[in-house]
Amino acid sequence: MDTSGTQPAEQEFSTKGAYVTGDEYTRDTNYIETRITRGGEDGYPVEAGRYRLVVARACPWAHRSTIVRRLLGLEDAISIGVCGPTHDVRSWTFDLDPDGRDPVLGIERLQEAFFKRTPDYPRGITVPAIVDVPSGAVVTNNFPQITLDFSTEWTEFHREGAPDLYPEALREEMAVVNKRIFTEVNNGVYRCGFAGSQESYNAAYERLFIALDWLEERLATQRYLMGDAITEADVRLFTTLVRFDAVYHGHFKCNRNKLIEMPVLWAYARDLFQTPGFGDTVNFQQIKDHYYIVHTDLNPTQIVPLGPDTSGWSTAHGRQSLGGSPFGAGTAPTRPVDA
């Protein structure tokens, strides 16, 4: 569901200076680390229909979970609630729903579910978050672990033909690749955008494009990050690449070049975009609305750009010549996208 870039003037979407808070941007990575596992060791066993995944189409960290849920076919096991692209100083909100409330949880703000778990929860109210529907309390917002657990703990509910996104034989190498992608690319664009000084921005810019050049070289001779089939690593990189030209190039000043000017990465990103589960979970308007409206310290006018033209995402990419198959021995999801 697309939303327009206009918002009521009286509604406060961020506090001035809230995102640029120091010389060098440092992400708070302290999340609720409770896990949902087959054995229920943390008190939350895998159980179809019990949990609700709360996301926002705008957020790259939440986007990972929507892609993996769709690729693995977990729609019937884990329901999904979708917040709007803009949030106020308190919380993500369910303003896309007709009455402004999530139809399953019955709440207006994701904050309410965090407070049910921990009254006056002191940290950021982040997506993705998994909520225990019977209690209405958040179980976890630990986004890196959520998708890994979808792959390893929820296998009983995977669709027939679901791909193996976390192959055991590749996990050691994938951990190294994922770490570099997170620190240098996923978080690297934020380090540029929220830099508080010229020096920290310059350093962040150099680190980001060194990593992008490394990826350009790595993907020149293999179709996907870990070889011949998509894995968790590709999901993690895609959510940054698909936002690059629309947001990060201009809004975050990551402007040595656009994604469309990096031949290998641009072809790789189009290959993924055209793969079921990836492009069909992208909403460019909500992505732009979030960044350009919420970050008022970077964009005080809250004007949302009309571009860039996104038609190029559907053009031929030619990556089939490298061999491989996106789903390996599995098959593509055929179920229509929900929510």
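Tutor: Please note that this is a predicted model. A search of the whole structure finds 27 aromatic pairs.

Student: How are the ring planes of phenylalanine 209 and phenylalanine 244 arranged?

Tutor: One reads the angle between the planes, and over 60 degrees counts as edge-to-face. The planes of phenylalanine 209 and phenylalanine 244 stand at 90°, with the ring centres 6.4 Å apart, so this pair is edge-to-face. Because phenylalanine 209 belongs to helix α6 and phenylalanine 244 to helix α7, the pair ties together parts that are 35 residues apart in sequence.

Student: Is phenylalanine 209 buried or exposed, and what of phenylalanine 244?

Tutor: A residue counts as buried under 20% relative accessible area. Phenylalanine 209 has 3% and is therefore buried; phenylalanine 244, at 2%, is buried too.

Student: How is the pair of tryptophan 266 and tryptophan 313 arranged?

Tutor: Their ring centres are 4.9 Å apart and their planes lie at 80°, so this pair is edge-to-face. Tryptophan 266 sits in helix α8, and tryptophan 313 in the segment after α9, 47 residues apart. Both tryptophan 266 and tryptophan 313 are buried.

Student: At what angle do helices α6 and α7 cross?

Tutor: The axes of α6 (residues 198-218) and α7 (residues 232-248) cross at roughly 110° and come within 14 Å. That makes α6 roughly perpendicular to α7, and the crossing is left-handed.

Student: Which residues make the contact between α6 and α7?

Tutor: Helix α6 contributes Leu208, Phe209, Leu212 and Leu215, while α7 contributes Leu237, Leu241 and Phe244. By class, the residues of this contact comprise seven nonpolar, no polar and no charged.

Note on methods
Residues are numbered from 1 along each chain as its sequence is written. This is a predicted model: local features need pLDDT of at least 70, side-chain atom pairs count only at pLDDT 80 or more; totals for chains, interfaces and linings use all residues. Side-chain values use heavy atoms; hydrogens and water are left out. Axes are lines fitted to C-alpha atoms, for helices over the stretch in contact, and angles run from 0 to 180 degrees between N-to-C directions. Helices (H or I, at least four residues) and strands (E, at least two) are DSSP runs, numbered from the N terminus. Angles under 35 degrees count as roughly parallel, over 145 as roughly antiparallel, 65 to 115 as roughly perpendicular and the rest as oblique. A crossing is left-handed if the near helix is turned anticlockwise from the far one by less than a right angle, and right-handed if clockwise. Contact means heavy atoms within 4.5 Å. Ala, Val, Leu, Ile, Met, Phe, Trp, Tyr, Cys and Pro count as nonpolar, Asp, Glu, Lys and Arg as charged, and the others, Gly among them, as polar. Rings of Phe, Tyr and Trp (its six-membered ring) pair if their centres lie within 6.5 Å; planes under 30 degrees apart count as stacked, over 60 as edge-to-face and the rest as tilted. Buried means under 20% relative accessible area, exposed over 50%, partly exposed in between (1.4 Å probe, protein chains only).
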